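Student: Could we look through this structure together, with attention to its rings and its surface?

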Amino acid sequence: MRLLRRLHDVVTAPVSIAPLAVARVLFGAAMTFSCVRFIALGWIEEQYIAPTWHFPYYGFEWVRSLGDPGMYLLYGAMTLAAIGVMLGAFYRVSIITFLLTFTYVELIDKTYYLNHYYFVSLAAALFSIVPAHRRFSLDVLRRPLLAVDTVPRWCVDVFKLQLGIVYVYAGIAKMTSSWLIDAMPMRLWMPANDTLPVIGPLMVIPWMPWVFAWTGMLFDTTVPFLLAWKRTRLVAYTAVVVFHTVTGMMFQIGVFPLVMIAMTLIFFDARLHQRVIGMSISAKPVHGHVTHQTWILRGLAIYVMLQVLIPWRFVLYPGELFWTEQGYRFSWRVMLMEKAGTATFYIRDRVTGREGAVNNADFLNAHQEKQMSMQPDMIIRYASLLHDHYAAHGVRDPYVRAEVWVTLNGAPSKLLVDSSIDLSAQREGFHNYAWILPRSN
Amino acid sequence: MIRLAIIATVLIPLFGCAESNAPTDTFDRQAMLQDLAMQAIIPAYMSMQTDAGAMIAAIDALTLAPSEVTLRAAREAWLSTALSWQRAQLFDFGPADAITGTLGQSVNTFPTSTAKVEAAIAAGDTSLQNFDRDARGLPALDYLLFDGSAAKVVAKLSTSPMRRAYLRAVTRDIAAHVQRVYNAWNTTYYADFVGRNGTDAGSGATQVFNALNRGFELLKNFKIGIPAGLQAGQTAAAPMSVEAPYSGLSWRLALEHQQAVRDLWTGRVDDSMDYRSFAMYILARGGTDLDRSTTQQFDAIEQASAAIPEDADLGALCAAQDPRIRSYYVELQKLTRFIKSETSSLLGISITYASGDGD
């Protein structure tokens, strides 16, 4: 109990609000950029309006694309909210609007699942419970009484903890023999990037994939600690910039490098942040308090526990994680494997026995087909959609089977799922999918 | 700590690579793009253009003086053009991917709608300024030149100036479309294409890779699968959905299509000449297994197709549910995973045409 009290005292001790305010501005700016980029690239149309079918998450099947103009309005609201977060204008409304709109869009279709989108949702959730707008914001300009000098320590440190979890788990995920000993899939990816400016020539050096693989693993597992420690901070941050710039050049990972380069600044000393935003703490600082703090802290404790546990849920499933992908998402497994599949679905009329092959391009865009062709939960979702479609188009009691050939890290393809069973009869859920074939079939 | 990390990153790979079998050959992707353009793409459009030009002359002669002699020449000119198209169709990207549709959609949408063709003729509408792509192109010519006996076709043409005008317009439309794409490749697009020598979604290698795969799917799904009634939801064969039902030359065209895919894959102009293409690329990346699987599967496809005589009527075989068609289709199906997912994985080429973020 005393320990708990002391912990409470530590996490609620007042610290400068400056790092939090700067993080808010940078997060808002990165999200504004991300939204504008998404809209400008025409991805709303391509990803959420043009496709007729989507792959929602289990339990979130009620989340639907809002179509045209709904999706544009949603993105408009999201962009305005991101600007609001950046400027600290109507902060609570802005950050909660951003959290909800952004997460809604991500839940529409798991085709587009990215670890950094997941990170954005989590960061937005954390931002929505901290008073990040009470300095260096339009809200303070409007109502100067809002301004505070300090916030409870947890308001700043929870972001460091979250970033630490992301990096450390990304590092742990790289501790596999294929990544470290075989340098796979680095050996596949690097030669494909041999035309990049500056780093291109590195890509064809035969031993370089091992350097990249080990550097990546060591960087991920250690960088949060090196950022937290004052003496190594500058070196660690330089490594952050270099690492994310290089991976940003090599892979199509959008704004992720930018987000990480911006967010890790929160590790820097408060005085630096204060200088940046021209803030000084008076002799009698105004302390910012968080209402319902005890409840929030209890909630955060559970949140952190879940964050630590969720990446390990894969151990509850049999089989090879990279092959079955049961428990793969939401675990900071970032750029770990080269996986691709060719999935051919066959629809059989149970009455006539006639069977025909599906042309996936009739129903899915290239991105959806690519993701579906190697992920079991998407495969049964697609099978069930095909079942309903063909049942409505004259096929009686359709039997949906599929030959799904998947290649992992450049190895010859193997069948991913039992090609004889009716996939449309399989149910999505957290249970083990017994119809996934072992990789060594 | 840092020092330790640095030492580890330097030392460990030294142990690692001692027994590695990582491919050491560097593959010049830009040279491959140059080869593809100079040895495959531009020659394909050039011969298509030459053939389309000869077809205009033959059709002009036919419409000027319809006779069985001029008709025979026109039919031969059509076949040459349709055979050339089997190669050019594999490059339906870049200048061939116009806002109004791809070159493939413009010149080879099948099955043709005879109703739309006849309606356009009856209306005397030779503008072709509409989206009825299934009323023009090579399939419309297949109908206009081959529907019925030579005598019947000649008779129809002789009595209808509007039919002759439409025939001329469709022929010129094909040539104009090809000309535009050929010119683009010969002027600005070549340098543009060769310059995009990466492997990202917009790169030249990705474009050819995806176009090749789409071209292959076209053969498998649309030229064989649908006519044979092997696609999902079909309750019967659809013999009139073959590429050229009136001339009965669909199988001949399919064989050429099949050969074009293999030649592009292996980088073959004729038996004596090789250029850098995907086969060489995957070998340079250590893909010996993949190269072997692909070669074996191409052989299996050729074996399955050899069971069907070159002059066979594909539509009739489909209608008769000939088992050789199904066997052929099954072999085609098996090739997909090699030339699509395994190749994209090994080469780090993007399967999606549009870019998107990944992680």
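Tutor: A charge sits over a ring if NZ of Lys or CZ of Arg is within 6 Å of the ring centre and within 35 degrees of the ring normal. This is a predicted model, in which local features need pLDDT of at least 70 and side-chain atom pairs count only at pLDDT 80 or more, while totals for chains, interfaces and linings use all residues. Residues are numbered from 1 along each chain as its sequence is written, and side-chain values use heavy atoms, with hydrogens and water left out.

Student: Over the face of which residue does A:Arg333 lie?

Tutor: The distance from A:Arg333 to the ring centre is 6.0 Å. The ring over whose face A:Arg333 lies belongs to A:Tyr328.

Student: What is the angle between the planes of A:Phe345 and A:Tyr382?

Tutor: Rings of Phe, Tyr and Trp (its six-membered ring) pair if their centres lie within 6.5 Å, and planes under 30 degrees apart count as stacked, over 60 as edge-to-face and the rest as tilted. A:Phe345 and A:Tyr382 are 4.8 Å apart, centre to centre, and form an edge-to-face pair, with an angle between the planes of 85°.

Student: Are A:Phe345 and A:Tyr382 buried or exposed?

Tutor: Buried means under 20% relative accessible area, exposed over 50% and partly exposed in between, with a 1.4 Å probe and protein chains only. For A:Phe345 and A:Tyr382, both residues are buried.

Student: Why does A:Leu4 count as exposed?

Tutor: A:Leu4 is placed in helix α1 (residues 2–12) of chain A, where helices are DSSP runs of H or I with at least four residues, numbered from the N terminus. A:Leu4 counts as exposed because its relative accessibility is 53%.

Methods. Chains lettered and ligands numbered in written order. Helix = DSSP H or I, 4+ residues; strand = E, 2+ residues; numbered from the N terminus.
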